[in-house]
Amino acid sequence: MQTVKEYAKDYYACIDEAQRELRARARPPIKAFPEDIDRYDNIFIGYPNWWGTMPMAMFTLLERFDWAGRKIIPFCTNEGSGMGSSERDLAKACPGATIARGLSIHGAETLRSEKKIADWAKKSM
(Lines give C-alpha, C1' and ligand atoms only; values in the text may rest on other atoms or scores of the structure.)
Protein backbone atom coordinates (compact mmCIF):
# COMPACT_ATOMS: atom_id res chain seq x y z
CA MET A 1 0.00 0.00 0.00
CA GLN A 2 1.30 3.42 -0.90
CA THR A 3 0.02 6.72 0.33
CA VAL A 4 -0.52 9.52 -2.15
CA LYS A 5 1.84 11.73 -0.16
CA GLU A 6 5.16 10.10 0.70
CA TYR A 7 6.30 10.08 4.29
CA ALA A 8 9.62 11.70 5.15
CA LYS A 9 12.63 9.43 4.71
CA ASP A 10 14.18 10.76 7.92
CA TYR A 11 13.00 8.55 10.81
CA TYR A 12 12.29 11.39 13.24
CA ALA A 13 10.48 13.50 10.65
CA CYS A 14 8.42 10.44 9.70
CA ILE A 15 7.35 9.68 13.26
CA ASP A 16 6.43 13.33 13.74
CA GLU A 17 4.18 13.10 10.67
CA ALA A 18 2.66 9.88 11.99
CA GLN A 19 1.94 11.48 15.36
CA ARG A 20 0.21 14.47 13.72
CA GLU A 21 -1.96 12.10 11.65
CA LEU A 22 -2.87 10.08 14.72
CA ARG A 23 -3.85 13.15 16.72
CA ALA A 24 -5.98 14.39 13.80
CA ARG A 25 -7.46 10.90 13.24
CA ALA A 26 -6.50 11.46 9.62
CA ARG A 27 -7.35 9.10 6.81
CA PRO A 28 -4.49 9.74 4.38
CA PRO A 29 -5.40 8.94 0.78
CA ILE A 30 -3.75 5.86 -0.68
CA LYS A 31 -2.81 5.30 -4.31
CA ALA A 32 -4.75 2.09 -4.94
CA PHE A 33 -7.10 -0.30 -3.18
CA PRO A 34 -7.46 -4.03 -3.78
CA GLU A 35 -10.49 -4.65 -5.98
CA ASP A 36 -12.14 -6.73 -3.28
CA ILE A 37 -11.49 -9.18 -0.48
CA ASP A 38 -14.47 -11.43 -1.18
CA ARG A 39 -12.47 -14.55 -1.97
CA TYR A 40 -10.47 -14.44 1.28
CA ASP A 41 -11.56 -15.83 4.63
CA ASN A 42 -8.20 -15.45 6.42
CA ILE A 43 -6.26 -12.26 5.86
CA PHE A 44 -2.82 -11.44 7.21
CA ILE A 45 -2.42 -7.71 7.80
CA GLY A 46 1.01 -6.29 8.49
CA TYR A 47 2.11 -2.81 9.45
CA PRO A 48 4.63 -0.86 11.48
CA ASN A 49 3.37 0.14 14.91
CA TRP A 50 3.42 3.92 14.92
CA TRP A 51 2.54 5.58 18.21
CA GLY A 52 0.84 2.50 19.63
CA THR A 53 -1.30 1.51 16.65
CA MET A 54 -1.38 1.10 12.90
CA PRO A 55 -0.47 3.97 10.59
CA MET A 56 -3.57 6.01 9.84
CA ALA A 57 -3.35 5.02 6.17
CA MET A 58 -4.20 1.46 7.29
CA PHE A 59 -7.54 2.78 8.54
CA THR A 60 -8.12 4.33 5.10
CA LEU A 61 -7.70 0.87 3.60
CA LEU A 62 -9.54 -1.16 6.22
CA GLU A 63 -12.63 1.02 6.44
CA ARG A 64 -13.33 0.46 2.75
CA PHE A 65 -14.26 -3.23 3.03
CA ASP A 66 -16.86 -5.50 4.62
CA TRP A 67 -14.99 -7.70 7.09
CA ALA A 68 -17.94 -9.75 8.34
CA GLY A 69 -17.09 -13.42 8.70
CA ARG A 70 -13.38 -12.99 7.99
CA LYS A 71 -10.41 -13.74 10.23
CA ILE A 72 -7.76 -11.02 10.42
CA ILE A 73 -4.30 -12.14 11.48
CA PRO A 74 -2.25 -9.05 12.38
CA PHE A 75 1.49 -8.65 12.63
CA CYS A 76 3.66 -5.62 13.17
CA THR A 77 7.11 -4.30 13.67
CA ASN A 78 7.79 -1.90 16.52
CA GLU A 79 10.52 -0.26 18.53
CA GLY A 80 9.23 -1.36 21.92
CA SER A 81 5.45 -0.92 22.04
CA GLY A 82 4.51 -4.41 20.89
CA MET A 83 1.04 -4.63 19.34
CA GLY A 84 -0.04 -1.52 21.25
CA SER A 85 -3.77 -0.96 20.77
CA SER A 86 -3.71 -2.13 17.16
CA GLU A 87 -5.67 -5.34 17.78
CA ARG A 88 -8.49 -3.37 19.46
CA ASP A 89 -8.29 -0.76 16.71
CA LEU A 90 -8.55 -3.50 14.08
CA ALA A 91 -11.70 -4.81 15.75
CA LYS A 92 -13.25 -1.32 15.60
CA ALA A 93 -12.20 -0.69 12.00
CA CYS A 94 -13.28 -4.15 10.80
CA PRO A 95 -16.66 -4.91 12.39
CA GLY A 96 -17.74 -8.52 12.08
CA ALA A 97 -14.19 -9.85 11.72
CA THR A 98 -12.47 -12.16 14.14
CA ILE A 99 -9.13 -10.69 15.16
CA ALA A 100 -6.50 -13.32 15.88
CA ARG A 101 -3.72 -12.79 18.38
CA GLY A 102 -1.07 -10.79 16.58
CA LEU A 103 2.66 -11.15 16.25
CA SER A 104 4.93 -8.30 17.25
CA ILE A 105 8.52 -8.22 16.04
CA HIS A 106 11.03 -5.69 17.33
CA GLY A 107 12.34 -3.80 14.30
CA ALA A 108 15.99 -4.65 14.99
CA GLU A 109 15.12 -8.38 15.10
CA THR A 110 13.13 -8.49 11.87
CA LEU A 111 15.87 -9.93 9.67
CA ARG A 112 16.54 -12.73 12.19
CA SER A 113 12.89 -13.66 12.74
CA GLU A 114 12.01 -15.70 9.65
CA LYS A 115 11.48 -19.00 11.53
CA LYS A 116 9.53 -17.32 14.32
CA ILE A 117 7.27 -15.63 11.77
CA ALA A 118 6.76 -18.81 9.72
CA ASP A 119 5.91 -20.87 12.82
CA TRP A 120 3.46 -18.21 14.04
CA ALA A 121 1.81 -17.95 10.61
CA LYS A 122 1.25 -21.71 10.44
CA LYS A 123 -0.26 -21.78 13.94
CA SER A 124 -2.48 -18.80 13.12
CA MET A 125 -4.25 -20.62 10.34
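A residue counts as buried under 20% relative accessible area, as exposed over 50%, and as partly exposed in between. Phe44, with a relative accessible area of 34%, is therefore partly exposed. The model described here is predicted.

Phe44 belongs to a group of rings. Together with Phe75 and Trp120, Phe44 forms one aromatic cluster. The count of aromatic pairs in the model comes to 5. A pair of aromatic rings is described by the distance of the centres and the angle of the planes. One of the pairs joins Tyr7 and Trp50. Their ring centres are 5.1 Å apart, and the planes make an angle of 75°. This arrangement is edge-to-face. Tyr7 sits in the segment before H1, and Trp50 sits in the loop between E1 and H2. The pair therefore ties together parts that are 43 residues apart in sequence. Tyr7 has a relative accessible area of 18%, so this residue is buried. Phe44 and Trp120 make another edge-to-face pair. Here the distance is 5.7 Å centre to centre, with 75° between the planes. Phe44 lies in strand E1, whereas Trp120 lies in helix H4 (residues 114-124), so this pair ties together parts that are 76 residues apart in sequence. Trp120 is buried, because its relative accessibility is 12%. A charged residue also meets a ring. Arg64 lies over the face of Phe33, at 3.9 Å from the ring centre.

Helix H3 comes next. This helix spans residues 86-93. Its buried residues are Ser86, Asp89, Leu90 and Ala93. Seen down the helix axis, these residues fall within an arc of 105°, so they line one face of H3. The face turned away from the buried side carries two exposed residues, Arg88 and Lys92. The buried residues of H3 pack against several elements. These are strand E1 (42-48), helix H2 (56-62), strand E2 (71-78) and strand E3 (98-99).

The loop between E1 and H2 holds Asn49. The relative accessibility of Asn49 is 8%, so Asn49 counts as buried. Its side chain has a polar atom 2.9 Å from the backbone nitrogen of Gly52. Asn49 and Glu79 are separated by 30 residues in sequence. In space, their C-alpha atoms are 8.0 Å apart.

Salt bridges form a further set of links. Their count comes to 5. One of them joins the side chains of Glu6 and Lys9, at 3.3 Å from N to O. Glu6 has a relative accessibility of 58% and therefore counts as exposed. Lys9 is exposed too, because its relative accessible area is 75%. Another salt bridge joins Glu63 and Arg27, at 2.9 Å from N to O. This pair links distant parts of the chain. Glu63 lies in the loop between H2 and E2, and Arg27 lies in the loop between helix H1 (11-24) and E1. The two residues are 36 residues apart. Glu63 counts as partly exposed, because its relative accessibility is 43%. Arg27, at 36%, is also partly exposed.

Arg70 takes part in a salt bridge with Asp38. The distance between their side chains is 3.6 Å, N to O. This pair, too, links distant parts of the chain, 32 residues apart. Arg70 is found in the loop between H2 and E2, and Asp38 in the loop between H1 and E1. Arg70 has a relative accessible area of 10%, so Arg70 is buried. Asp38, by contrast, counts as exposed at 57% relative accessibility. The side chain of Arg70 also reaches the backbone oxygen of Tyr40, at 2.8 Å.

Note on methods
Residues numbered from 1 in each chain as written. Predicted model: local features only at pLDDT ≥ 70, side-chain atom pairs only at ≥ 80, totals over all residues. Heavy atoms only, no water. Buried < 20%, exposed > 50% of the residue type's maximum accessible area, 1.4 Å probe, protein only. Helix = DSSP H or I, 4+ residues; strand = E, 2+ residues; numbered from the N terminus. Arc of directions from axis to C-beta. Contact = heavy atoms within 4.5 Å. Polar contact = N/O pair within 3.5 Å; in protein donor to acceptor, adjacent residues only side chain to side chain. Salt bridge = Lys/Arg side-chain N within 4 Å of Asp/Glu carboxyl O. Phe/Tyr/Trp six-rings, centres within 6.5 Å; stacked < 30°, edge-to-face > 60°. Lys NZ or Arg CZ within 6 Å of the ring centre and 35° of its normal.
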